Amino acid sequence: MSAATDDSVVADLHAHTTVSDGTLTLDEVPVAAREAGVDWVAVTDHDRIHPGLDAPVVERDGVRIVRGIELRVDAGFERLDLLGYGVEHTDALDAEVNRLQRDRRERGAAILDAVESHLGVDLAVEPRAGLGRPHIARAIDESDAPYDYAGAFDELIGNDGPCYVAREVTPLDEGLDLLADACSLVGLAHPFRYDGVDEALDVARESAAIDAVERFYSYGRAADDARIDRVAAEADLLRTGGTDAHERTLGVAGLTESAFEPVRERLPDPVPVESLSAGTTAYEQD
C-alpha cells in the first residue's frame, strides 16, 4: 500500500457487513480497504459483533480490522447510536446482543408479513439474525412492487409507514455500561443525524463511559464540524470517523494518519489471522 499523504484517510472506523445491513462480506473488507488506500477498518455492525472476527483487532491481508459494534440505545429524548471499538466478549454484552437479534428476527418477520400482505407480493426473505429494514427495502426494490429502495422507506416501512414495526433497543445507561466493560473505546456516532443534537452532544460530554465523538462523517449536507471540535476539546473526547459504509466503498470519510494516532493508542495491537486457532466459535451460532 502506498504511503499516505497528509490528508488521506488511513482509518475508516465505521463500516457494516452482511451480518447486519451492509453488502460487504468480511472477506471483501480487506479488498475494499486496499482499493480505498485504507489501512484500518472498524466493522461496526448493528447490534451485533461479527462472528468471523476472533480478536479485538485482527490483521487480514495487510489490513487491520477492528472488531466493533454499533449499538442503538434509548436516551429518553431520542434513540442514539453508540460505537464500541476493540470489543471483547463479555457474558452481559453477548446476552444483550442475542436478545436484540431475537427481536430483530421477530420484528423482521412482522414487517415482511405486513409488506407482503399490503402489496400482495412474495419478497423471498427469511427472518434471520442481523435482518434490518434495508434488507427488506432492497427486496421490495427487486420485486414487482412499484417502489424503489427509497420509496420503500418513504411509503411503506419508514417510521410513519403502514408496514412499520418498532423494535426493542437497549436503555442508554445499560448500553453505556455494557460497552464500557467490553470495549477499548466507546464513541457517539454521527451527532448531526439526531433531531436533538444538543441533547446528544450533552450525553457525550457528560457520560464517563464515552471516550469519543464521531467527527469525520459524510452527512451529504453541511455540518458544523467545528462544533464537534469544540465539544471534543472541552470534554477531552477523542475524535473518530468513518464512511458508515453499507455499500462497498470505504474511505469516503475517516481519519488521517495524524488524526488516527491518539485513537490508535487506545486500540489493542492487531493479531495476524494465521496465528488464531481455526474452527467455529460459539458466537457463530447466533
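Helices (H or I, at least four residues) and strands (E, at least two) are DSSP runs, numbered from the N terminus. The model is predicted: local features need pLDDT of at least 70, side-chain atom pairs count only at pLDDT 80 or more, and totals for chains, interfaces and linings use all residues. Residues are numbered from 1 along each chain as its sequence is written, and side-chain values use heavy atoms, with hydrogens and water left out.

**Exercise 1. Describe the protein chain as a whole: what are its secondary structure, its span and its radius of gyration?**

Solution. Count elements: the chain has eight helices and ten strands. Take the span: the C-alpha trace extends about 55 × 45 × 40 Å along its principal axes. Then test the radius of gyration (taken over C-alpha atoms; the globule rule is 2.2 Å times the number of residues to the power 0.38). For 286 residues a compact globule would have a value near 19 Å; the chain has 19 Å, so the two agree. Of the 286 residues, 52% count as buried. Finally, check contacts (heavy atoms within 4.5 Å). Among contacts with a separation of 6 or more, 72% join residues 24 or more positions apart.

**Exercise 2. Characterise the packing of α2 (residues 91-119) against α5 (residues 172-182).**

Solution. Two packed helices are described by the angle between their axes and the distance between the axes. Axes are lines fitted to C-alpha atoms, for helices over the stretch in contact, and angles run from 0 to 180 degrees between N-to-C directions. For α2 and α5 the angle is about 130°, and the axes are 9 Å apart. α2 is therefore oblique to α5. The classes are: under 35 degrees roughly parallel, over 145 roughly antiparallel, 65 to 115 roughly perpendicular, the rest oblique.

Handedness comes next. A crossing is left-handed if the near helix is turned anticlockwise from the far one by less than a right angle, and right-handed if clockwise. α2 passes α5 in a left-handed crossing. Ala 92, Leu 93 and Glu 96 of α2 touch Glu 174, Leu 178, Leu 179 and Ala 182 of α5.

**Exercise 3. Repeat the analysis for α2 with α3 (residues 133-142).**

Solution. The angle is about 25°, with axes 10 Å apart. α2 and α3 are therefore roughly parallel. Their crossing is right-handed. From α2 come Arg 107, Gly 108, Ile 111, Leu 112, Val 115 and Leu 119; from α3, Arg 133, Ile 136 and Ile 140.

**Exercise 4. How do α3 and α4 (residues 149-157) pack?**

Solution. Their axes are 8 Å apart, at an angle of about 110°. That makes α3 roughly perpendicular to α4. The crossing of these two helices is right-handed. The residues in contact include Ile 136 and Ala 137 of α3, and Phe 153 and Leu 156 of α4.

Conventions
Buried < 20%, exposed > 50% of the residue type's maximum accessible area, 1.4 Å probe, protein only.
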